[in-house]
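Welcome, and thanks for taking a look. Here is a short briefing to read alongside the structure.

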Number of protein chains: 4
Amino acid sequence: MERTARREQVLACARSVFSRRGYHATTVSDIIEEAGVARGTFYLYFKSKRSIFDELLDEYLRAILAQVRRVDLGPAAEPPVRQVLGNVERILAVLLESTEMSRILFHEAVGLDADFDRKLAEFYGEIVKLAQGSLRLGQQMGLVRDCDVRVAALCIVGAVKEVVDAASAGPGALPDQRALSREIMRFLDGVFVPAALAGLEDQP
Amino acid sequence: MERTARREQVLACARSVFSRRGYHATTVSDIIEEAGVARGTFYLYFKSKRSIFDELLDEYLRAILAQVRRVDLGPAAEPPVRQVLGNVERILAVLLESTEMSRILFHEAVGLDADFDRKLAEFYGEIVKLAQGSLRLGQQMGLVRDCDVRVAALCIVGAVKEVVDAASAGPGALPDQRALSREIMRFLDGVFVPAALAGLEDQP
Amino acid sequence: MERTARREQVLACARSVFSRRGYHATTVSDIIEEAGVARGTFYLYFKSKRSIFDELLDEYLRAILAQVRRVDLGPAAEPPVRQVLGNVERILAVLLESTEMSRILFHEAVGLDADFDRKLAEFYGEIVKLAQGSLRLGQQMGLVRDCDVRVAALCIVGAVKEVVDAASAGPGALPDQRALSREIMRFLDGVFVPAALAGLEDQP
Amino acid sequence: MERTARREQVLACARSVFSRRGYHATTVSDIIEEAGVARGTFYLYFKSKRSIFDELLDEYLRAILAQVRRVDLGPAAEPPVRQVLGNVERILAVLLESTEMSRILFHEAVGLDADFDRKLAEFYGEIVKLAQGSLRLGQQMGLVRDCDVRVAALCIVGAVKEVVDAASAGPGALPDQRALSREIMRFLDGVFVPAALAGLEDQP
DNA sequence: TATGAATGAGTCTTCATTCAT
DNA sequence: CATGAATGAAGACTCATTCAT
């Protein structure tokens, strides 16, 4: 088996085990057993248990962050609110698509250690800052009502996290991905002035 | 030293250490060192490292849940929206008052193991169900607009979690507790019909 | 409560617990709980867990040894074989009477540690030597056939131990104490010449 | 070093240490020090201190039990009394050959805990039942005198145990293995009718 | 590259014993 | 005499990581 393929295979097994057992409960033995490779092989491709987890998560964080597009105010651009909805929808899509990684992100990567806390804090900080920027912009455009944009941004991020977490855990009770982003968006109405939302509902 | 006092002292030290280092990184040695007691003393009062953590968290979860009051529709009662705001404010008060425990709740208790995951899931399930109930009731009264109450409830809970978490971590950038609940409440506007909020702002 | 009585009470409780749980599995907590005294009280009367066990066993070993009477060859004495039977019967009586201590002697005191092994070895050595002496005497009198008296003595002691152990454990299948000593005695026939046993059976 | 060899080596060291120090006094550190392996290596081959002891003893118990042959009454078979003697001799051979394990069997495995007590009880129960069967058979054939076979079987087993124990402990005073089984057999005379033993002495 | 036997630092937990009140 | 809170030495077991083959 060629290098890359083997690496990818071990990575996939690790993802699966981490998602099921959690970081601490997962042993290197679990991973190599799942992957069917020898102990030494694992360390041929990864520096440590910690580093493989790092890699898994980093990749995911990047993928999520990549979904966010800055709101375009150009004349040819879509309405800003539509663009914001697009961001939420794309992030939701990534999160709901890979429930294993979402579970890891929301459950196993939390409280791991100081380094990780910092990394996650940075990640969410970034997201929150982006949301904050959009809100501020919205305010300037008269689309977003007067409010503390920091708090509002946190609320938005928290709302998305909680919904996705629930959706990952129990696939039962929640509407599908499309409806979900609509519902979240509707929830966000709170920050938009009524006019901003005009004509949104009848879009596809 | 009498039994109860010593127990409480160790409990407090454990809370502090767990909050700083996290569950896994905390060793029983850390706790007894902080408390200035011998190893045996710890096990005189607590069955295990796990059980002291359990106790700490259970107590906290109960305290939070105790803040939630069912919305009262009686003629003499406060306006329902006011009551909801009261719930949010009380919960926020508890969470922000004991940032150590909030940190434990949001960071260390997450992804600990299957048992704990279940316990936390039950806890949040309870909270979400209560919120859901209030929203449904609001819909019947014409105070809450048409939406998926499950999703909305999740959004509310998630928003509160994220804000509190941010507030616990960096005390700097966020407004004080009173303003915070106002901001969150304003964020919740999204689910209320405009009329429901009339006259809320000028309350004390 | 007066000193002696309290001491005796703790001793009795220790005997009971040691017999049930065994030496190692028994904790000082078990004993004081059973006795209903405080931890400190225990050490007021006994130097250590080890020493209370010592005392219990020493007393018992002495009681058993006290049952052995040297065979009296005087003209007025009972027939020697009768006297030997008497020894066996008396020892059996003590052993079967206090099954708790027998269990301790045969199960818990065995393999405890080097000191105890030595003590037990001495005890059995004594018994074996006495039996050996009796056998040698019997040979001189023409009552005991030619054999290795050391081995024969060991056989006798071993036989008694095993029977008593079985009797202590399962009271079900074995005959009563009187019959038991008869059976053992009959088993000992092997070392007596036929004439020696004449007229034994019809005694009371 | 290959798996089996290393396992066997640790097993041998454990046997030696257990035999010298006893089960409780033996620490895993003792064993690995004796074996010259690291702590982890021990647990690579054995689940626990307890399980290695188990394995050691189980193997031995099986080896002993394997020596017992059912008495064959066929026309071509050896005289039954001879066969019984054979059983005793073979068991004796195993016991005396491995004095380390005998010491463990008679001293360390006794009173270890409830599980072990049960296991030993079963083992001796088996042996006693076999002896009992042989005795009953002997009675039917007129070779064994009238007696309580259960008690007699216990006596036989107890006699063997005691003799072997003495032989394992102090190699000095006792005759060699061949003579020993003769002596024990002579002791068993007690249960045989005189005729049964005719012609036994002049066999090789 | 691949293997898997070996390592040993690190943790939790128990329990006999002491001693201040 | 009695109490029971406090002690701390000791021991079993885990698991990430290394390295000789």
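**Where chains A and B meet**

In this predicted model, 34 residues of chain B are in contact with 34 residues of chain A.

- On the side of chain B that touches chain A, at least two residues each come from helix 6 (99–108), helix 8 (149–169) and helix 9 (177–188) of chain B.
- Helix 8 of chain B gives the largest share of that side, with twelve residues.
- By residue class, the side of chain B that touches chain A has 19 nonpolar, six polar and nine charged residues.

**A helix pair inside chain C**

- Helix 5 (residues 80–97) and helix 8 (residues 149–169) of chain C have axes that come within 10 Å and cross at roughly 35°.
- The crossing of these two helices of chain C is right-handed.
- From helix 5 of chain C, the residues C:V88, C:I91, C:L92, C:L95 and C:L96 meet C:V160, C:V164 and C:A167 of helix 8 of chain C.
- What kinds of residues make up the contact of helix 5 of chain C with helix 8 of chain C? There are eight nonpolar residues, no polar and no charged ones.

Notes
Residues are numbered from 1 along each chain as its sequence is written. Chains are lettered from A and ligands numbered from 1 in the order in which they are written. This is a predicted model: local features need pLDDT of at least 70, side-chain atom pairs count only at pLDDT 80 or more; totals for chains, interfaces and linings use all residues. Two residues are in contact if their C-beta atoms, placed from the backbone, lie within 7 Å. Helices (H or I, at least four residues) and strands (E, at least two) are DSSP runs, numbered from the N terminus. Ala, Val, Leu, Ile, Met, Phe, Trp, Tyr, Cys and Pro count as nonpolar, Asp, Glu, Lys and Arg as charged, and the others, Gly among them, as polar. Axes are lines fitted to C-alpha atoms, for helices over the stretch in contact, and angles run from 0 to 180 degrees between N-to-C directions. A crossing is left-handed if the near helix is turned anticlockwise from the far one by less than a right angle, and right-handed if clockwise.
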